[in-house]
Amino acid sequence: MDMNFDFQPVYPHHDLLVEIGEVEMAIDSLNYFDDADGDALKPDLESRMESLLEALDHLAV
(Lines give C-alpha, C1' and ligand atoms only; values in the text may rest on other atoms or scores of the structure.)
Protein backbone atom coordinates (compact mmCIF):
# COMPACT_ATOMS: atom_id res chain seq x y z
CA MET A 1 0.00 0.00 0.00
CA ASP A 2 1.37 3.38 -1.03
CA MET A 3 1.28 5.81 1.90
CA ASN A 4 2.56 8.75 -0.10
CA PHE A 5 0.01 11.53 -0.14
CA ASP A 6 0.77 15.04 -1.26
CA PHE A 7 -0.70 17.42 1.33
CA GLN A 8 0.73 20.45 -0.46
CA PRO A 9 -2.57 21.45 -2.15
CA VAL A 10 -4.44 21.09 1.15
CA TYR A 11 -2.24 23.42 3.21
CA PRO A 12 -3.19 26.76 1.62
CA HIS A 13 -6.91 25.97 1.84
CA HIS A 14 -6.63 24.94 5.48
CA ASP A 15 -4.48 27.94 6.36
CA LEU A 16 -6.99 30.31 4.78
CA LEU A 17 -9.88 28.72 6.67
CA VAL A 18 -7.99 29.07 9.95
CA GLU A 19 -7.16 32.69 9.21
CA ILE A 20 -10.79 33.44 8.26
CA GLY A 21 -11.89 31.94 11.58
CA GLU A 22 -9.42 34.09 13.47
CA VAL A 23 -10.61 37.25 11.73
CA GLU A 24 -14.25 36.31 12.41
CA MET A 25 -13.45 35.88 16.10
CA ALA A 26 -11.64 39.22 16.14
CA ILE A 27 -14.64 40.93 14.56
CA ASP A 28 -16.95 39.28 17.11
CA SER A 29 -14.72 40.43 19.96
CA LEU A 30 -14.99 44.08 18.90
CA ASN A 31 -18.07 44.28 21.11
CA TYR A 32 -15.76 44.13 24.12
CA PHE A 33 -13.76 47.19 23.05
CA ASP A 34 -14.68 50.81 23.54
CA ASP A 35 -16.73 52.11 20.65
CA ALA A 36 -13.88 54.28 19.34
CA ASP A 37 -11.36 51.42 19.44
CA GLY A 38 -13.77 48.96 17.86
CA ASP A 39 -14.74 51.41 15.14
CA ALA A 40 -11.07 51.98 14.34
CA LEU A 41 -10.29 48.26 14.04
CA LYS A 42 -13.39 47.10 12.17
CA PRO A 43 -12.50 48.41 8.67
CA ASP A 44 -9.08 46.74 8.79
CA LEU A 45 -10.59 43.43 9.87
CA GLU A 46 -13.31 43.59 7.24
CA SER A 47 -10.73 44.37 4.57
CA ARG A 48 -8.63 41.42 5.71
CA MET A 49 -11.70 39.19 5.59
CA GLU A 50 -12.45 40.27 2.02
CA SER A 51 -8.86 39.52 0.99
CA LEU A 52 -8.96 36.08 2.59
CA LEU A 53 -12.29 35.19 0.99
CA GLU A 54 -10.98 36.31 -2.39
CA ALA A 55 -7.87 34.18 -1.96
CA LEU A 56 -10.06 31.23 -0.99
CA ASP A 57 -12.14 31.73 -4.14
CA HIS A 58 -8.98 31.71 -6.27
CA LEU A 59 -7.88 28.41 -4.74
CA ALA A 60 -11.14 26.77 -5.75
CA VAL A 61 -10.46 27.44 -9.43
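D15 has a relative accessible area of 48% and is therefore partly exposed, a class between buried (under 20%) and exposed (over 50%), taken with a 1.4 Å probe and protein chains only. D15 sits in helix α1, which spans residues 10–29; helices are DSSP runs of H or I with at least four residues, strands are runs of E with at least two, and both are numbered from the N terminus. The C-alpha atom of D15 is 9.8 Å from that of L56, a residue 41 positions away along the chain.

The model is predicted, with local features requiring pLDDT of at least 70 and side-chain atom pairs pLDDT 80 or more, while totals for chains, interfaces and linings use all residues. Residues are numbered from 1 along each chain as its sequence is written, and side-chain values use heavy atoms, without hydrogens and water.

The protein has 2 helices and 0 strands. Of its 61 residues, 15% are buried.

L56 also belongs to the largest nonpolar core, whose 8 residues include L16, I20 and M49. Such a core is a set of buried Ala, Val, Leu, Ile, Met, Phe, Trp, Tyr and Cys residues joined through side-chain atoms within 4.5 Å. Helices α1 and α2 each contribute at least two of the core residues, and α2 gives the largest share, with 4 residues. In soluble globular proteins, nonpolar side chains tend to be buried together.

D39 lies in helix α2, residues 35–60. With 56% relative accessibility, D39 counts as exposed.
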